[in-house]
Amino acid sequence: MFTLGDLVQPENLETAYQILSDKRNNTILGGCAFLKMGSKRIGTAIDLSTLNLRYIHETDGFIEIGGMTTLREIETHTLLKEYFNGVLPKSVREIIGVQFRNTVTVGASVFAKYGFSDLITALLVLDTDVELYKGGRMPLADFLKKPKEKDILVRLWIKMDNCKATYLNLRNSASDYSVLNVAVSKLDDQWTIVVGSRPRRAAIASNASAALSKGNLSDTDIEGAAQKAAEELSFGTNMRGTADYRKALCKVLVKRAIMEVKACR
Amino acid sequence: MKKVGMKSVGQSIRKVDGMAIATGKPVYTQDLAMRHALVVKILRSPHAFAKIISIDVSRAEKLEGVECILTYKDVPKGRFTLAGQSYPEPSPYDRLILDEIVRYVGDEVAIIAAVDEKTALQAMKKIKVAYEVLEPVLDFEQAIGHATIVHPEEDLHVNFDIGLQKAQNIASSWKEEVGDVEEEFKQCSVVVEDVYYPQAQAHAMMETYRAFTYLDHTGRLVVVTSTQIPFHVRRQLARALQLPASKVRVLKPRIGGGFGGKQTGCVEAFAGIITLKTGKPALIIYDRQETFSCTTSRHAMRLKARVGADQEGIIRAIDLEVLSDTGAYGEHAATVLSCVGHYTLPLYNKTRAVRFTGNAVYTNKMPAGAFRGYGATQGTFALESTVNKLAEKLGMDPTEIRLKNISKEGETFLTGQGVLLGSSSLDRCIEKGKEMIGWKDKFPCREIGNNKVRAVGMAITMQGSGIANIGTASAEIRLNDDGNFTLLTGATDMGTGCDTILSQMAAEILEIPMETIVLIAGDTDTSPYDPGSYASSTTYVAGAAVIKAAKELKDKILEQGAKFLGVSLKDVEMDGLVVRTVSGDEEMSLAKIAELTILGTGNLQLVGYATQGCEVSPPPYVAGFAEVEVDQETGKVELIDYVAVVDCGTVINPNLARIQAEGGIVQGIGMALYEQVNYNDLGKMATNSFMQYKIPCRKDVGKVRIAFEESYEPTGPFGAKSIGEVVANTPSPAIAHAVYNAVGVRVNHLPITPEKVFLGRQKL
Amino acid sequence: MQITLTINDKLVTWDVEKDEILADTLRSHGLLSVKKACETSCCGLCTVWVEDKSVLSCNILSVRVHSKKVTTIEGVPKEAEEFARVLTAEGSEQCGFCSPGFIMNVLAMKHELVNPSEEEIIHYLTGNLCRCTGYMGQLRAVKTFLGVL
């Protein structure tokens, strides 16, 4: 359990960012699920829950998701069920339980860049931007590559295109972290293949995605893309699985995900 | 006595404490603790094996709010055991409250008592310990003859020979042989063997270990604890704290599960010694991490099973060779080991020779203890998997080979010493299970497309009911002045519902409504002696005592009733809350009888009392059937259906029996598929939270269906046998069998994870 | 720090530490139905409602429920007892330690879902672990309670 020196609920983002930058151990509070498992000594904890950052709505052809939106809201919101074959609800619905998802926030999940994150994998196959207070708006892929830096994840922007997508994973047991997760999307002729929980965090298999986009979507093409994805990405060993198994799983799950998207209307 | 027409027994009666606990009434240990009790925390060893060179608590003691800090220098020096076993315990006295030598990562180093948790934890950080780190023995397969000796101490004591050889790290040895197995194997047409590794499953009961202690108005130590064994705890504390047992009172309130974990003493001595030293109430609560890594678990084992049969499939020889990992302390080492053979070999009685040999070894890991099934679980996994292998080799249906070989009612078995099986419906259990799972159509497997294949597997198991010639229970039942009854037992209800079951039995005998009985249990001051809830004893042994006591009271009531009605004894009968003449023309209420006997001229409170042991331990049986769906490309095993058909004799309370079965099966499913135990290279347990150690959640379980095939056990209360443990044993072998039938992969190291299945397929 | 909240329909002002978690605060104010059984937000036993939604009181800082509505099982006695009667009629409360959190989540589900299928029921209740019952009896009780076949 963490300890706090002080806790503030700033009235605007500017103040929030100011306090965050003030001291090294000042921290933004998300759902606190992960913070609670450590023993961080927080100077000032910053609670953003009064800043109206909990919402999902349509804005100018984008789905705008506030940083304090819970995973349960991602799971149940009609807009997210309708778009992209419901890939976002699919990615979060198996995480622990309803009570857990009612407290955990999108902002914390994405900002922390967790390796095991199912949500990041799904977001990465869509046209997703993150909007940081200081860093501004940038594609999720760029954000994931950025070195760690203090900032506030204010909202996500997802383009409302007619992208078809799916999300698959394998868990050793239903409430466990994924041994591996996979998302695949198709927008017109452009395919995107993402693999996460490798156990490292989600990454785009760009060669595989490019190859698939150029091909005819024959069985050979699909198997080839899956094989490429397994070869171009790196996998690791931990308590939940070995690198070799993850690599083999990658082939299987990517192939299945591509077949699923291929069949999507 | 047949079950037809019984009013209480055989009814699915709601548990007497059900509504209160379901709606969150404050009736558990922590709820009852005094508000300002000192909070007790434990400083633990970071090393698997070490000697404390120096320990300095001076800075910690100075912290405001710290009341007392104890190290190995401040505690009594006499070794004891924490085993919940009848005295003299078949357990090494290898513990001290705090020892200079620490024997596993998490072993206790200092006890800290402070006004609140925050202070206690701050104080813990200020304690300075210097260790001489020693080479641990972490691999139980390397323990015998290892250079490191876990328990070299001179004062290591055993009450009688259990095969302890401390220089070899052997806590206990066991050997049992009837006939000449090697000769018999030579005669067999087919011999199969294999090696199995069941894991050190964690109980993961929802209420972690906790106790609070205080000194009462006469200076006695009162211990309120979440335990299955109040009387054993009292004895342990008396020895550990060097007090007469009469100065200790142990109380068990409502507890949140045990499954055997609470059949070993745990936190009581720490809170107890703080109360003795400070005079103040003390409360200790283990968090989930401590519960996973600093208490006890199932014994991990290596079992080599060899089974030989003739061409017709009659099993003629069985040989079991066991290595059991008892961890740093040996509470249940000997008894769990012996139960591996004890509760497996009697299944098949056409054998001409059987042999069981085993060693339980010390290692520098968290101790193993008692866990539902108690050796039978591990033994069943090994033996039943091997019998399934035998069936395949012979080209026989696995259910057929069981039906050909199982011991039947009225028969004896090689290791049975002539005792005849009083009851068994195992054959009917197997037939019924076959039908329910659809065995004929599904065995062994069928492809269902999309790289998925479905298959079925099965296993049988037995257990005991109480411990023959050792387990005893006493019960007392009183008719009170208001015409209601008080039933006193020592049985400990850990949620299973024995408080309710025992009341049902008393109500049945006395022919009274259950609502007129108040059951009091779990207080060493007032309860009659009972070993506690383990060895599947409450229904069979405590039940028998309750029936005997109730009968005695009934006779006395009838005698008094006859006297007051002015008729002879043969002319009266009990009917609800009255004693009436057989002719029906006169009656007297029990309330009136009580008034006249207790308050009036009778000078006699009517009481029934009985102590009951058991000369036999009649086995309950389960036939378990699993249907799985295996993904051939990923190795993921989905459990589609599990059927368990149970013979527990007469079913006293169908709902409670069914829940016991379902709960036990699901624990078995967890052991088979999901519950992984991992240690790092330095002996630290990595799977020490619900995040890492995955007990089954709702979605992991599929369908579990239970049926009962009642037999009638002549020695059992109303014909009942036990059910508590036997239900945990079939899932591992049945599911492993189904997985093999699906994809040809035998996973003998539990749990069966997708990766293991996948790797197995690669090797084919 | 002082927080003002509505707890079980009663407006109160409580003193809390800034890093105090809601489960501890509730217990310290006599709401002993709230149980803690893990440190990793995995088990669901600490389930209470904040603004009528099921949450884990073990990972919510008490300061964050300032001016919010919090409900424990003590605050919904009639509804809780109604379901508890069904649960106990099945014998599926067993040790009872997971029951209050389970009942709170079942009631929340009843308020949120209309005619849920078995799959939806199982999905909603997944976050409530139980070690005693094997979940079958709980499902039977929920189905009976909801009048679902």
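A nonpolar core is a set of buried Ala, Val, Leu, Ile, Met, Phe, Trp, Tyr and Cys residues joined through C-beta atoms within 7 Å, where a residue is buried if 20 or more other C-beta atoms, placed from the backbone, lie within 10 Å of its own. In this structure, which is a predicted model, the largest such core holds 390 residues, and A:Val254, B:Val40 and B:Val739 touch the most other members. Local features need pLDDT of at least 70 and side-chain atom pairs count only at pLDDT 80 or more, while totals for chains, interfaces and linings use all residues. Residues are numbered from 1 along each chain as its sequence is written, with chains lettered from A and ligands numbered from 1 in the order in which they are written.

**Chain B**

- Leaving aside neighbours within four places in sequence, B:Val739 is in contact (C-beta atoms, placed from the backbone, within 7 Å) with B:Val628, B:Val630, B:Val637, B:Val745, B:Val747, B:Ile752 and B:Val757.
- Strand E6 of chain B, residues 128-133, lies largely in the open, because zero of its six residues are buried; strands (E, at least two residues) and helices (H or I, at least four) are DSSP runs numbered from the N terminus.
- E6(B) pairs with strand E2 (residues 50-56) of chain B in the antiparallel sense over six bridges, pairing being defined as at least two bridges found by DSSP.
- Within this pairing, B:Lys128 in E6(B) is the bridge partner of B:Asp56.

**Domains of chain A**

- An automatic or database domain assignment gives chain A domain 1 (3-47), domain 2 (56-159) and domain 3 (165-262).
- The C-alpha centres of domain 2 and domain 3 of chain A lie 20 Å apart, and 21 residues of domain 2 are in contact with 21 residues of domain 3.
- On the side of domain 2 of chain A that touches domain 3 of chain A, helix H8 (118-124) of chain A gives the most, with five residues.

**The sheet of chain C**

- Five strands of chain C form an open sheet in the order E2-E1-E5-E3-E4, with mixed pairing, and the edge strands, E2 (10-15) and E4 (53-56) of chain C, each pair on one side only.
- Strand E3 (residues 47-50) of chain C pairs with E4(C) in the antiparallel sense over four bridges, and C:Val50 stands opposite C:Lys53 in E4(C).
- Helix H3 (residues 99-112) of chain C lies across E3 and E4 of chain C and runs at about 40° to E3(C), with axes fitted to C-alpha atoms, for helices over the stretch in contact, and angles taken from 0 to 180 degrees between N-to-C directions.

Technical notes
A residue is buried if 20 or more other C-beta atoms lie within 10 Å of its own, exposed if 12 or fewer, and partly exposed in between; C-beta atoms are placed from the backbone. Two residues are in contact if their C-beta atoms, placed from the backbone, lie within 7 Å.
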